[in-house]
Amino acid sequence: MTSPTPLIGVSIPMLKIKELINHVAKTCLNILITGETGVGKEVVAQNLYAESNRSDRNFVKINCAALPETLLESELYGYEKGAFTGAHKKRPGKFLTADKGVLFLDEIGDMPLPLQSKMLHVLQSGEFSPLGSDQDFKTDVWVIAATNQRLEENIKAKTFREDLFYRLNIIKIDIPPLRERPEDIPALVEYFFKRYMSEYPQAEAGRPDSKAMARLCSYSWPGNVRQLQNCIKKQMVLNSWDKIFEELPNDTSSSDTSSSEVGASAQLQDATMHLPAASRHNGPGSHRHRIISEFVDLSTSSDKLFEDISLKKIKKLASDRVEKEVITFVLEKVGWNRSKAAKILKVSYKTLLYKMSEFDVNPPVS
């Protein structure tokens, strides 16, 4: 295997993932990598492999969602000649190919239940038998699995074995979506430009200016790093950020909300509709004057006043204030249930906790 794609990112979650890789890569404990589609689960698996003591052996990948059950079984364990129609010769499976190396089971959540039982046996005993064979083989593989599904929910739905989950989930690495770590976007953009420059040498002038970078960092990237990567490729060909931004799909949001969540959202919308309209004049006491006075000391002289006015600073202060008010409003409406509030606000639970700490939002003392 060639050098793995590096883990690009300066955000706290990515720095923690890099540190965790350094800690566990040489233990060869089974690892479960979770995260949305496109966040880079295979990249993390490759970096684990590269830092391990098995980097001189095979890294073998199999996508559990891409193959039907019978074909997936034969790919994993191999088969003997004549084991089934079309088996004209003996073929080793991935477990044998990956012996002493790494077997990366991508989309493990899509593995059919019957194969989960056989997988559990192999992980427990290190033994398997190819299709059509009565002989057992020993294998020593480091299993790294990945999924974009919530396996805990699959266990409740009885579509994933609980014992297999605990066998795979000895070490868990959860990769947050790109929208929760926008500070990683500039480094990713630069990396992809450098990576593909030899393919598109005319694209040197296409690097984003500050305005385009701000747009890239504010977009939610539902397809995560993979979508950003494809966006950069397209920009290197078209050399038009305006065209790229026009073609970006609209942000998507979950429609799976409970009646209480819908009710709280409706109350929030109702509250915002009753905000006073801006006055047509700018005199003291006007709505506009009151808003500006919250962020700038209007009692100072004109020269000092204009020195203090920074649109960027005021925008940040105003944004923080609005966020704090909205977060507090929603938390109050749902009885300070933070999980429910995070769903309504369409942010992760970790992001909500961070915002509550940043804005000093706390439940009332009983």
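This is a predicted model: local features need pLDDT of at least 70, side-chain atom pairs count only at pLDDT 80 or more; totals for chains, interfaces and linings use all residues.
Five strands form it, in the order 2-5-8-1-9, and the pairing is parallel. Which strands stand at the edges? Strand 2, residues 59-63, and strand 9 do, and each has a single partner strand, so one side of each is left without a neighbour in the sheet. From one strand to the next, the twist averages 20°. As a reminder, strands of a sheet pair through backbone hydrogen bonds, either parallel or antiparallel.

Strand 2 pairs with strand 5, residues 102-106, in the parallel sense, over 5 bridges.

Strand 9 covers residues 171-174, and it pairs with strand 1, residues 31-34, in the parallel sense over 4 bridges. There, Thr34 stands opposite Asp174. Which residues of strand 9 are on the covered face, and which on the uncovered one? Ile171 and Ile173 are on the covered face, while Lys172 and Asp174 are on the uncovered one.

Next, the helices. Helix 15 runs from residue 311 to residue 333, which is 23 residues. From first C-alpha to last it reaches 33 Å, close to the 33 Å expected at 1.5 Å a residue. Its buried residues are Asp320, Ile327, Thr328, Phe329, Val330 and Leu331. Just after helix 15 comes Gly335, with a positive phi of about 65°.

How do helix 15 and helix 17 cross? Their axes come within 10 Å, at a crossing angle of roughly 115°. That makes helix 15 roughly perpendicular to helix 17. The crossing is left-handed. On the helix 15 side, the residues involved are Lys316, Glu323, Ile327 and Leu331; they meet Leu352, Lys355, Met356 and Glu358 in helix 17. Two of those names, Ile327 and Leu331, were also on the buried list. In an α-helix there are 3.6 residues a turn, so residues three or four places apart point the same way.

Last, the loop between helix 16, residues 338-345, and helix 17, residues 349-358, where Ser348 lies. Is Ser348 buried or exposed? Ser348 is buried, because its relative accessible area is 17% and the cut-off for buried is under 20%. Leaving aside neighbours within four places in sequence, Ser348 is in contact with Glu180 and Ala342.

Key: Residues are numbered from 1 along each chain as its sequence is written. Side-chain values use heavy atoms; hydrogens and water are left out. Helices (H or I, at least four residues) and strands (E, at least two) are DSSP runs, numbered from the N terminus. The expected span of a helix is 1.5 Å times one less than its number of residues. Buried means under 20% relative accessible area, exposed over 50%, partly exposed in between (1.4 Å probe, protein chains only). Contact means heavy atoms within 4.5 Å. Two strands pair if DSSP finds at least two bridges between them. Axes are lines fitted to C-alpha atoms, for helices over the stretch in contact, and angles run from 0 to 180 degrees between N-to-C directions. Angles under 35 degrees count as roughly parallel, over 145 as roughly antiparallel, 65 to 115 as roughly perpendicular and the rest as oblique. A crossing is left-handed if the near helix is turned anticlockwise from the far one by less than a right angle, and right-handed if clockwise.
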